[in-house]
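Hi there,

I'm passing this structure on to you, and I hope you enjoy looking through it. My notes on what turned up follow below.

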Amino acid sequence: MSQPAQDSGGQKSDATARRSWPNELNVFMALVVIVVVFEFLNRFNGGSFLFNMRDNMPGLFNEQRLNVIALQVAITGIIALGVTQVIIIGGIDLSSGSIVGATAMIAMSFGQTAIVNGNPNPKAIFGPELMDLPVVVPIAVGVLCGLIAGLINGLLIAYTRIPSFIATLGMMVSARGVAHWWSNGNPISFPTQSYGGLSNGDVLGSLTFGLLHWSGQNPAVVFALLAILFQVIMVYTVYGKRSYAIGSNEAAARMSGINVSRHKVLVYTIAGILSAVAAILLTSKNLTAQAGMGVMYELDAIAMAVIGGVSLSGGRGSIVGTVLGAMIFSVIISGFTSIKLDPYYQEMVKGVIIVGAVILDQWRQRRSTRS
Amino acid sequence: MSQYILETRGLTKHYGGVHALEDANFTLAPGEHVAVVGDNGAGKSTFVRQITGVEQKTGGQIFIDDKEVHFADPLDARKAGIETVFQNLALADDLDVPSNLFLGREIFRFPLGPFSWLDRRQMRDRTLEALKKTAVKIPNIDNAIRNMSGGQRQCVAIARAAAFASKLVIMDEPTAALGVQETAQVENIIRGLKNRGIPLILISHNLRQVLDLVDRIWVFRRGRIAGAVDRDKTSGNDIVSMITGVKSGVEGEPTFV
């Protein structure tokens, strides 16, 4: 079929032009600019942000730094994938960091090994019969934790009609309580070999039959796969279409016969599961779980989404945008470290970035409604 | 063919002690375009809310094709082939035209529950078809509705209603917020519906528009139907008289001119 829409005359409006310039491209350019700026700032001090400047080390790039960035993008980014979907339907999820904490403790306790250096595990939570379990057990338990927490969020928001801010705030406090209660605040350590291998192995090597290698960066590989999965889901499936519809005009979605409540439950449940996945990878990477894990991750994840162009008023944004937002966020944090900015300043600037991104979003929104 | 597409007998709606609609006996013949006019609070919108399932009636009966119906919600009415263009549009601003047309009834290639794979090409093709049929011109249907003018958005809403209505289209003040040119465009679309034989109930304050477009005018006054007149046998002054109650014969007694 040819394009009968084109025969409507010369009204090639500027709206057409705007579409061919997606917002994600702006975010990508911002990322490039930020990287270049940090590269310059580092060159002033005789170093480099991206490149390897040491003669005694091989390689073109500063792999150590890139690995740190990749890990940070991956763990918080996986959470941000779920948070993005929540924000797109017009909600907010403040509980993801606490779900990470609770899931980390519970999953890790099922992934412990019985004997450490010939001695019984000093951090044992359960008796020996629940140690050295196959790795699927802690994964399944962890995912179940995230699923339950997300399900509770979703049911509260969809059926009691309380604002998502309040429901997930409650979950944020309670899930953190679970994390502390689980082991009376003690860290849980010494996972089995296979549990530790979840993050520290080379899954890219096995996925590509040895063609590519990225050892110790399994979280980044998982993040990339999940990002692709959800990008496809958001663009090509009914789930994605309805998510945007609900965030865009909830009343219209309901009038159109979309089961808005059920959809919300699904979205919050997926967000909970993604937090759990992040928690499992994080504990596996660190080989330990602490009740304080994931504190403030929810805000980092929200910041990543907002920087990536996801509108807090719902209906707009994309997974690709959030991935780029996550990169910008992590590059900035890492960049501050590279120019040896005091960590306290980093915290302050982080807040400024979040508020700045929201101001930018509001500004963009006003501009688009005015046209 | 049934005698009436839509018929109400003794349709009544009370909000607590307020009698918003009292004993409304309304008929709509196949292919007929009618207008519902009246002052604010005359019961027009209440009437529409009862026949579209937005609210539950207090009493009376509603018949579609001579069969009595009970709509529990707007979705029920939609399934029965009644499409409504609401005053507040009911479009998703951030979605493109095909997504809005197929909102809640997406076409998919293979079902996977909520993750069913959309058939975007078919939705796009059928959207172009529907727009063509209703003579709606949208420069680029892949644009978000947000970037369109009020008239274009209203046209999308009307095209959606026309595309899916098998029985009846109801429009609540479709041109209230539009400029002159945009109003003309919407009116042309309404004439197109007439040519295609799709029945219409038009709620409007604009008597010029009403007299231009419809076959029959139902006048509501103080929650009752004050009368129904054929377009050809009446004038604007007559209708205004009926709306204000200057000329209605016995109070509450329907007058059929």
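In this predicted model, helices α4(A) and α6(A) cross in a left-handed way. Helix α4 covers residues 96–109 of chain A and helix α6 covers residues 164–182, and the two pack at an angle of about 25° with their axes 7 Å apart. Angles under 35 degrees count as roughly parallel, so α4(A) is roughly parallel to α6(A).

Which residues make the contact? From α4(A) come A:Ser98, A:Ile99, A:Gly101, A:Ala102, A:Met105 and A:Ile106. On the α6(A) side you will find A:Met171, A:Met172, A:Ala175, A:Arg176, A:Val178, A:Ala179 and A:Trp182. Sorted by class, this contact has ten nonpolar, two polar and one charged residues.

Next, have a look at where the two chains meet. Here 33 residues of chain A are in contact with 32 residues of chain B. Elements of chain A that give two or more residues to the side touching chain B are α1 (14–19), α9 (218–236), α10 and α11 (250–255). Of these, α10(A) gives the most, with six residues. The residues on that side of chain A divide into 16 nonpolar, twelve polar and five charged.

Is helix α10(A) mostly covered or mostly open? Running over residues 238–248 of chain A, α10 is mostly covered, with eleven of its eleven residues buried. Among them are A:Val238 and A:Tyr239 at one end and A:Gly247 and A:Ser248 at the other, with A:Lys241 and A:Arg242 also buried.

How values were computed. Residues numbered from 1 in each chain as written. Chains lettered and ligands numbered in written order. Predicted model: local features only at pLDDT ≥ 70, side-chain atom pairs only at ≥ 80, totals over all residues. Buried ≥ 20, exposed ≤ 12 C-beta atoms within 10 Å, placed from the backbone. Helix = DSSP H or I, 4+ residues; strand = E, 2+ residues; numbered from the N terminus. Axes fitted to C-alpha atoms, helices over the stretch in contact; angles between N-to-C directions. Parallel < 35°, antiparallel > 145°, perpendicular 65-115°, else oblique. Left-handed = near helix turned anticlockwise from the far one by under 90°. Contact = placed C-beta atoms within 7 Å. Nonpolar A, V, L, I, M, F, W, Y, C, P; charged D, E, K, R; others polar.
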